[in-house]
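Here are my notes after a look through this one. Have the structure open while you read, and go point by point.

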Amino acid sequence: NAAGKHGSQQLVEIQRDLKRQRAKIAAELRATLVGRSLGIFSPTNRLRRACAQLVRHPYFEALILLGIVFSSAVLACEGPTTKTGSALWGYLAVVDFGFMVLFTIEMLLKIVVHGFYFCPD
């Protein structure tokens with residue numbers, strides 16, 4: 001039984017190593033910039049690399065997803081009974097504008113990193 005236990009531990013270690021290698025390869029592929037974004041930003045461009053580092057950060061993705069959830073909640077608060085000019089209407093308009101700015105910045109950053117429609121060389 002000791003030999004069987006030792007063999008199963010080796011198998012678990014091999015599986016962990018394979019997962020780490022796959023994760024490393026996937027991260028390297030995501031980190032690779034190809035072609036010229038918008039025809040002007042090369043893969044070595046400092047602005048494009050900085051944008052890529054920001055866009056690929058896990059907190060950035062979490063912030064955007066959180067923004068989507070809160071934006072949806074704000075949209076659900078608006079309705080036909082919300083009176084124009086009321087305090088709630090003004091608050092919702094400001095928050096909605098803030099989300100629009102956030103999502104526009106996300107779009108612009110991702111366009112710089114990935115290109116707009118296609119990424120020609």
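1. Start with the fold: the protein chain has four helices and zero strands, so reading from the N terminus you get α-α-α-α, as helices are DSSP runs numbered from that end. Keep in mind that this is a predicted model.

2. On contacts, look at those with a separation of 6 or more: residues 24 or more positions apart account for 64% of them in the protein chain.

3. Now the inside. Of the 121 residues in the protein chain, 20% count as buried. The largest nonpolar core has ten residues: Leu33, Phe41, Cys51, Ala52, Val55, Phe60, Ile64, Leu109, Val112 and Val113. Helix 2 (46-55), helix 3 (58-77) and helix 4 (87-114) are the elements that give two or more residues to this core. In soluble globular proteins, nonpolar side chains tend to be buried together.

4. Leaving aside residues up to four places away in sequence, Cys51 touches Leu109, Val112 and Val113.

5. The protein chain has an accessible surface of about 9,400 Å², and carbon and sulfur atoms hold 66% of that. Leu38, Ile40, Phe116 and Tyr117 make a nonpolar surface patch of about 550 Å².

6. Leu38 sits in the loop between helix 1 (2-31) and helix 2. Is Leu38 partly exposed or buried? Leu38 counts as partly exposed because its relative accessibility is 43%, and that class lies between the buried limit of under 20% and the exposed limit of over 50%.

How values were computed. Residues are numbered from 1 along each chain as its sequence is written. This is a predicted model: local features need pLDDT of at least 70, side-chain atom pairs count only at pLDDT 80 or more; totals for chains, interfaces and linings use all residues. Side-chain values use heavy atoms; hydrogens and water are left out. A nonpolar core is a set of buried Ala, Val, Leu, Ile, Met, Phe, Trp, Tyr and Cys residues joined through side-chain atoms within 4.5 Å. Buried means under 20% relative accessible area, exposed over 50%, partly exposed in between (1.4 Å probe, protein chains only). Contact means heavy atoms within 4.5 Å. Accessible areas come from the Shrake-Rupley method with a 1.4 Å probe; for residues, only the protein chains shown count as cover. Patches are made of residues with over 30% relative accessible area and no salt bridge: like charges are joined within 9 Å, nonpolar side chains (Val, Leu, Ile, Met, Phe, Trp, Tyr) within 5 Å. A salt bridge is a side-chain nitrogen of Lys or Arg within 4 Å of a carboxyl oxygen of Asp or Glu.
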